[in-house]
There are 2 protein chains.
Amino acid sequence: MDFDAVIHNGILVTVDNRMRVIEKGWIGIQEGVIRAIEATPPGIPPPAAGLTIDAGGGIVMPGLVNTHTHLPMSLFRGLADDLPLMTWLNDHIFPAEARFIRPEAVRWGTRLSCAEMLLSGTTCCCGGYFLEDVVAQAVSETGLRAVLAQGVIDFPAPGISEPSQNVSHARRYAEKWAGRNDLITPSIFCHSPYTCGDDTLKAAKASADDLGLLFQIHVAETRFERDQAIAKKGLSPVVHLDRLGILDDRTLMSHCVWVDEADTAIMAKRKCAVSHCPESNMKLASGIAPVPEMLKTGITVSLGTDGCASNNNLDMFGEMGTAARLHKVATGDPTALDAATVIKMATSDGARSIGLGNHIGSLETGKQADIIVLDTCAPHLTPLYHPESHIVYAAGGGDVRHVLVAGRPVVRDRQILFVNVDEVMNRVNDMSREIRSALKKD
Amino acid sequence: MDFDAVIHNGILVTVDNRMRVIEKGWIGIQEGVIRAIEATPPGIPPPAAGLTIDAGGGIVMPGLVNTHTHLPMSLFRGLADDLPLMTWLNDHIFPAEARFIRPEAVRWGTRLSCAEMLLSGTTCCCGGYFLEDVVAQAVSETGLRAVLAQGVIDFPAPGISEPSQNVSHARRYAEKWAGRNDLITPSIFCHSPYTCGDDTLKAAKASADDLGLLFQIHVAETRFERDQAIAKKGLSPVVHLDRLGILDDRTLMSHCVWVDEADTAIMAKRKCAVSHCPESNMKLASGIAPVPEMLKTGITVSLGTDGCASNNNLDMFGEMGTAARLHKVATGDPTALDAATVIKMATSDGARSIGLGNHIGSLETGKQADIIVLDTCAPHLTPLYHPESHIVYAAGGGDVRHVLVAGRPVVRDRQILFVNVDEVMNRVNDMSREIRSALKKD
């Protein structure tokens, strides 16, 4: 067999159903798809290929899947921290968004986030924002794979001054991007059950269903949200959404911090997926999602960084380490969320959460070649007893050396290939000076 | 004034009493000491010096102070994770220590940890282990500053087969290293109140006092420890130690997870310091130390990584981010442990915790030039509104570009100067293969 590309001399962490690790192996790629994944017999060179990548004895694994983010918000990274949630939103984030979220800012913020994600080993992200057509165009130029949703909210928003148009606007966006680009899948994202009325929720979900697309929504992120829902409607946010018929296996619910047993039973029954965002939930003091309980009921739980304004980076390695440690201390059980479970959340379960489970998320023949190579030749990754342990507890995004999406190298030797990073940083720095001086004057 | 070295073109995060940030400034160093720290007037070049380091517009800050670690334990990084504490200790860590903690292993493990710490911006660490004379010798060759304690425990331990000799052995070690090396300060470390009898605790503390040295001890790390102390003696670990006269301003207590208000009141009154190790406490499911309460009572709280076997890295940037996020979610207060507080914990308060507050921990004239330079020209650190925010919430050890200890460059452009990293990694990898195959056979 002739391969377009071969990656060899690596420890292959496959994340297949058996969590197989091949201590020294190679992967053959043809037309963007993994066609062979095998152990390397001693003394036998890897097969010839158009492109040969030597993993240098490092870890080769599926690219990470970040299932919840808001790409343009990297513009506001570190703009305001350590504040009560409502002060943070009302005095900093909302004014900055109202004033600066224009197509040009969205374009550069998105490019910045894509560069950060690719350089730190994320090959696919899922999320939503406003002006999503601009976001999708910008992402498509970077080589990242993404599920990108137009946001729907019952208030005037960037690009949709008339809220009554929000669902039809999102639908037009989704129709435009459906089937347009192999790496970009459109989606529709209702902001939340408290910012979208019942009719909006039902119409948006119906549009997503018509087009066969993922429906996303923030659910039960804060205690306040849950308490208010119960006070106003007598229903938890999850029960409320279920009564509206929103919950099914094409619904991704982000956060789900304040859900009880009855809620998780419904979520499991409806087969919806959850994007868990531990660092954002911790930083905003929202709470700790009951992830071990959700996993026990069979819910697919994946990991998201959330937007940069509340994290403040997009490093999925950090998110894995935090998830693994947080649920141990929260439950008092050091066996909770073991390394293999967390790696699955960040790869194969991430892919399943966003409807791409058959295409990405593991190193298996027939899957898309979304692959990352970690450089393990560093003091903080020495010695190496168990590669899964290092992935979760010791590595960081800076250890990523090579990144391929659909078999195409997008990062080589830590250099990103399809984003002019210097230009992106310069433009974003210019914008940040404007933002800072404008907000100071307000 | 003639300077031996000048660092210029940096954002100076001084961590002085006013947490002053100089947006563009320079630092002049003479004989290892900071002699000038000033804003750079536009158009004026920095003063001439034997060595000129261009910070490239990045963040210049005091080197990080890791106040709790066990250097040789990097040999066991990732050897066993995700296990109940007693299984982890009894089936993995203790057998590995009993079998492999020999001078040669201690030497190479220490070198590995020092390389990791220096490369990730830690310029001073504090901790203890056995065979500490070997540890101190190894550290002294790397250029790292350290407070290093011989461990004391009422069981046979590596290098001390006869427990009755433990305190005199520690004292001899401390006497040997007192005043011997500008960068190494000896100390004495009683393992814990449950592994050291009252006489041992009192004798070890008396020896440390005689020599004017820091006394270290693990206290109230687990609920089990606290419950057992109360069951056996009717006293909490803190009250027990206080009754023995162990607690004063030269005592550093590590962990302090299970302390109540009465305990913290005693700790504050006695002016002892605490080393908080959030990642280790989370990973081992020990619990969450009441850090905001300790800070309110005026206790000096610093940060430690703990040993590599329970973290699994020595990156103090990760520890800062984890501490800041963990206490927000634990208290439900997003203003808890703000970025400035956490930076102080990792620098100036770290220095105070280990008796070096007058010498290191901030960028101020008269202090030792323990300085690190972060490269902020990276997507994940763009844009930059507030340097303190990036230090805690967005940066990682991999962003450290230059490191000076006592004015001497020990890392330049991410390359470590006084450790042969390749040799260290090769030797540790060889040892890890032995450890793995020996433990498999057991």
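Let's start with the domains of chain A: the centres of domain 1 and domain 2 lie 29 Å apart, taken over C-alpha atoms. Keep in mind that this is a predicted model. Domain 1 of chain A is built from two stretches, 3–62 and 368–416. Domain 2 of chain A covers 64–353.

How many residues of domain 1 of chain A are in contact with domain 2 of chain A? There are 21, and they meet 25 residues of domain 2. On the domain 1 side, three elements of chain A each supply at least two residues: α14 (387–393), β15 (400–405) and β16 (408–412). The largest share comes from α14(A), with 5 residues.

Now the two chains. Chain B superposes on chain A by a rotation of 180°, with 0.0 Å of shift along the axis. The RMSD is 0.0 Å. That is the relation of a two-fold axis. Both copies use the same surface, and 100% of the contact residues of chain B recur in chain A. Which residue of chain B comes closest to the rotation axis? B:Gly398 does, at 3.2 Å for its C-alpha.

Next, the contact between the chains. Chain B gives 54 residues, and chain A gives 54 residues. Five helices of chain B each supply at least two residues of the side that touches chain A: α2 (103–119), α9 (278–283), α11 (316–331), α14 (387–394) and α15 (421–441). Of these, α15(B) provides the largest share, 6 residues.

On to the strands, staying in chain B. Strand β2(B), residues 21–30, pairs with strand β3(B), residues 33–39. The sense is antiparallel, over 6 bridges. Within this pair, B:Trp26 stands opposite B:Glu38 of β3(B). The hairpin has 2 residues between the strands. There, B:Glu31 takes a positive phi near 45°.

Then the open sheet of chain B. It has 8 strands, in the order β6-β7-β8-β9-β10-β11-β12-β13, and the pairing is parallel. Which strands stand at the edges? They are β6 (64–69) and β13 (301–303) of chain B. Each has a single partner strand, so one side of each is left without a neighbour in the sheet. Neighbouring strands of this sheet are turned by 25° against each other on average, direction ignored.

Look at one end of that order. Strand β12(B), residues 273–276, pairs with β13(B) in the parallel sense, over 3 bridges. Here B:Val274 has B:Val301 of β13(B) as its bridge partner.

Last, two helices that lie across strands of chain B. Helix α3(B), residues 132–140, lies across β7 (122–129), β8 (145–152) and β9 (184–190). The angle of α3(B) to β8(B) is about 170°. Helix α12(B), residues 339–346, lies across β6 and β13 of chain B. Its direction is about 80° to β13(B). Recall that β6 and β13 of chain B are the edge strands of the sheet.

Conventions:
Residues numbered from 1 in each chain as written. Chains lettered and ligands numbered in written order. Predicted model: local features only at pLDDT ≥ 70, side-chain atom pairs only at ≥ 80, totals over all residues. Domains from an automatic or database assignment. Contact = placed C-beta atoms within 7 Å. Helix = DSSP H or I, 4+ residues; strand = E, 2+ residues; numbered from the N terminus. Least-squares fit on C-alpha atoms with pLDDT ≥ 70 in both. Pairing = 2+ DSSP bridges. Axes fitted to C-alpha atoms, helices over the stretch in contact; angles between N-to-C directions.
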